[in-house]
Amino acid sequence: MTEQTREAQKAEEAEQRPAVPPPAVAPEVQAVPDVSDAPEVSDASDAPAEPVPPRPRKDRRVLRAVLRWTAVTVVFATVGAATAYGITRMERTDVPGLATESDGRWEYPTLVKPPLPSGSPGPLAAANLAGTHHADLRALLLPVPEGAKEDKALHGADGWLPTKDYLAEYEVKEDREELGQRLVDRGLRHIAARGWTTADGTRTRIYLLQFGTAAVVDKLIATDAVAFVPPAYQVRGATEVEYDEGFPQLADVSGVENSPYAEIKPYGPEQVRFAHIAVGDVYALIVQSRKGAAPAVPFQQTVTLQSQLLG
């Protein structure tokens, strides 16, 4: 074979051989993690299908701070409310800086009028023309104030005082006899009385006299007992008296007639204050006396409260 023939055969074989593509660029080699210390992976059947991500946790310091301030707020609110309640329940004299001197009033139990019989009107009702007190007269007496000693001698039998014991409140014998007869003539039904002595030595006597009608009581007040100034009959120990101009009008009770008097100087070992009261078919006498001088405030208080019970 000639040289030219061999060259032609090589060229023909080169054309028949497939083209070889250019070499691709090698990818960047990444580091392979060392798995020699990695835990063994359990069998796929034991592993959870999808691991649940953990819930975010609050900072415990923040939580403790919130709880602490909440507790402080509750404590201060509770203490404040308790203090406010305590002050509202305290007397003025119990609060530091607000103490005031007592004006001399007595502490009485809560006053409650006795119930009336079913269908019976009160003594001042328009339908009650006779002014009758249908409630038990003994239940209409003012109760004994706190700390006072009750005078058991005024209880009488079954709570009804004999007329002679009431008449003993008057100084002059002739007056007692005359007034006693007038009480009989006016149709006196019965007398309920109560008395006491307080720690300062003030003696109180209350007499409730019940008659048939209000007209009888009006007559008794107008002529038999009071007769303007001075009263017709002298109360024991009250040598010279005058109408008590210092008795406040605000203490008057609507529908109740009262005539207060006070012994004037120079009086004896003790001063006497008394008042006549007329409410419907009941006439009342209230007497207070005390060694030296009888204070005005408890007298006015007693007259007013007894008037409220009767009205």
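**Stop 1: strands S5 and S6**

Select strand S5 together with strand S6, residues 270-279. In this predicted model, the two strands pair in the antiparallel sense over 6 bridges. Now pick Glu257 and look across to S6: the bridge partner is Ala278. Next, follow the chain from S5 to S6. The two strands form a hairpin, with 6 residues between them.

**Stop 2**

Keep S5, residues 257-263, selected and show the rest of the structure around it. Is this strand largely enclosed, or largely open? Of its 7 residues, 6 are buried, so S5 is largely enclosed by the rest of the structure.

**Stop 3: strand S4**

Select Glu242 and find Ala262 of S5 standing opposite.

**Stop 4: aromatic rings on the strands**

Turn on the side chains. The structure holds 8 aromatic pairs. Start with Tyr243 and Tyr261: the ring centres are 5.8 Å apart and the planes meet at 85°. An angle over 60 degrees counts as edge-to-face, so this pair is edge-to-face. Tyr243 sits in S4 and Tyr261 in S5, so the pair ties together parts 18 residues apart in sequence.

Which of these two tyrosines is buried, and which is partly exposed? Tyr243 has a relative accessible area of 33%, which means it is partly exposed. Tyr261 has 1% relative accessibility, so Tyr261 counts as buried.

**Stop 5: a tyrosine cluster**

Select Tyr166, Tyr170, Tyr207 and Tyr233. Ring pairs link these four residues into a cluster.

**Stop 6: helix H4**

Move to helix H4, residues 173-185. H4 has 13 residues and reaches 19 Å from its first C-alpha to its last, close to the 18 Å expected at 1.5 Å a residue.

Where are the buried residues of H4? Select Asp175, Leu179, Gly180 and Leu183, which are buried. They cover an arc of only 130° around the axis, so they lie on the same side of H4. Now turn to the face pointing away from that buried side. Here you find the exposed residues Glu174, Glu177, Val184 and Asp185.

Finish just after H4, at Gly187. This glycine takes a positive phi of about 80°.

How values were computed. Residues numbered from 1 in each chain as written. Predicted model: local features only at pLDDT ≥ 70, side-chain atom pairs only at ≥ 80, totals over all residues. Heavy atoms only, no water. Buried < 20%, exposed > 50% of the residue type's maximum accessible area, 1.4 Å probe, protein only. Helix = DSSP H or I, 4+ residues; strand = E, 2+ residues; numbered from the N terminus. Pairing = 2+ DSSP bridges. Phe/Tyr/Trp six-rings, centres within 6.5 Å; stacked < 30°, edge-to-face > 60°. Expected span 1.5 Å × (residues − 1). Arc of directions from axis to C-beta.
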